[in-house]
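The following note is intended for a colleague who is meeting this structure for the first time. Please read the numbered points alongside the sequence and the coordinates.

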Amino acid sequence: MLRVIVLLLALPIAELWAQSYPQTATPEDLELKDLDLTTWDCRDKSEGLAKTQDGKERNPQKNRPPVDLAGINIPSLDIAGFLAKVVAYDQKIGAKHRRDLAAEQKEQLITFEKEIVSVTGWLIMAYPSWPPETTNCKSDKIRDWHLEMTSEPVDHAPQIGDPTAAVAEITPRTERTIYRSNIRIQNLAAFVRLPDNKTQATTGGKAHKIRVTGYLLWDDEHNGTYDVGTKVERFTANGYHNPWRLSAWEIHPVLKIEDLGTK
């Protein structure tokens, strides 16, 4: 019995929720929207429904609003440069989770998370987040969009042995701005993840190189070896590839996306 409990605790939360994911998707579910948050009851709740102290510190960072990027000196990085930058920040922080940080370390993290950077990579896969997150008051309709970017284009969805991705997230608060800049997931991502965790080629059919600009964010909830690594090592019974990300650091929220084409 103890072994079963330990295994369950080791699984990512998303996998434990997988069977509750809606099993059908309309085309509208797999594309950005001109999202109107006027009547959304979570619009002014920067902490969302966070109950823990680390969640109350993390969620406002995820829920930062769009900003005018004009005149800001923004570092431009490739995937390797992004990884080198955040590995150095990990070493300075010296902890795996926000709950383990001393006051001085938290101040340092806040400084790091104020940075806006641009990261260029190939958009291999994109998908709306699941399960519902406290960040968005557990809405099953208004969700973040996950973007998985790699340093080289591939012609298939993630497989064992493939390199893992740098992660960026479009949030409900930034989705309208990005949509109105004529960015469409179906045109840029090679694949989208469906509600049953299968992958589907997009209408564009090829990964585009994109430049994503946004805030650095340390998503320490995804800082274990099940999530972070350099290569995909396994697939779960529910179809998740693990590890799936290069780092717990993300571009989150995404403020701007530029399409750099397929070459």
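**Notes on the predicted model**

1. Thr164 is placed in the loop between β3 and β4. The model is a predicted one, and in it Thr164 counts as buried because its relative accessibility is 5%, under the 20% cut-off. The side chain of Thr164 reaches the backbone oxygen of Gly229 at 2.4 Å. Leaving aside neighbours within four places in sequence, the contacts of Thr164 include Thr150, Gly229, Thr230, Lys231 and Val232. Pro243, Trp244, Arg245 and Leu246 are also among the residues that Thr164 contacts.

2. Overall architecture and confidence. The protein chain has 7 helices and 10 strands. Of its 263 residues, 49% count as buried. Among contacts between residues at least 6 apart in sequence, 75% join residues at least 24 apart. The mean pLDDT of the chain is 91, and 90% of the residues reach 70 or more.

3. Regions to read with caution. Over residues 1-11 the pLDDT stays under 50, and the model has 4 contacts beyond four places in sequence for this stretch. Residues 13-20 also have a pLDDT below 50, and this stretch has 19 contacts in the model beyond near neighbours in sequence. Where pLDDT is low, the predicted coordinates should not be read in detail.

4. Just after α6, Asn182 takes a positive phi of about 70°.

5. Cys137. This residue lies in the loop between β2 (116-128) and β3. Is Cys137 buried or exposed? Cys137 is buried, since its relative accessible area is 14% and the cut-off for burial is 20%. Leaving aside neighbours within four places in sequence, Cys137 is in contact with Cys42, Lys45, Gly48 and Leu49. Asp41 is 96 residues away from Cys137 in sequence, yet the two C-alpha atoms are 8.3 Å apart in space. The backbone of Cys137 also deserves attention: its phi is positive, at about 55°, although the residue is not a glycine.

6. Other backbone features. Most residues other than glycine have a negative phi, and most peptide bonds are trans. Asn197 has a phi near 75°, a positive value in a residue other than glycine. Asn197 is placed in the loop between β5 (191-193) and β6, and it counts as buried because its relative accessibility is 9%.

7. Cis peptide bonds. The peptide bond from Trp130 to Pro131 is cis, with omega near 5°. Pro131 lies in the loop between β2 and β3, and Cys137 is likewise placed in the loop between β2 and β3. The bond from Asn242 to Pro243 is also cis, with omega near -20°. Pro243 is placed in the loop between β9 (241-242) and β10, and Pro243 is one of the residues in contact with Thr164.

8. Gly204. The place of Gly204 is in the loop between β6 (199-201) and β7 (209-218). Gly204 is partly exposed because its relative accessible area is 44%, a value between the cut-offs of 20% and 50%. Gly204 and Phe191 are 13 residues apart along the chain, and their C-alpha atoms are separated by 9.1 Å.

9. How many cavities of 30 Å³ or more does the model contain? The count comes to 1. The largest cavity has a volume of about 120 Å³. Its lining comprises 14 residues, of which Ile124, Thr150, Pro158, Asp162 and Pro163 lie nearest the centre. By class, the lining has 7 nonpolar, 4 polar and 3 charged residues. Thr150, named above as part of this lining, is also among the contacts of Thr164.

Technical notes
Residues numbered from 1 in each chain as written. Predicted model: local features only at pLDDT ≥ 70, side-chain atom pairs only at ≥ 80, totals over all residues. Heavy atoms only, no water. Helix = DSSP H or I, 4+ residues; strand = E, 2+ residues; numbered from the N terminus. Buried < 20%, exposed > 50% of the residue type's maximum accessible area, 1.4 Å probe, protein only. Polar contact = N/O pair within 3.5 Å; in protein donor to acceptor, adjacent residues only side chain to side chain. Contact = heavy atoms within 4.5 Å. 1 Å grid on protein atoms, 1.4 Å probe; cavity = no way out; pocket = protein on both sides within 12 Å on 5 of 7 lines; lining within 4 Å. Points joined across faces, edges and corners; volume = space filled by probe spheres on them. Nonpolar A, V, L, I, M, F, W, Y, C, P; charged D, E, K, R; others polar. pLDDT = per-residue confidence, 0-100.
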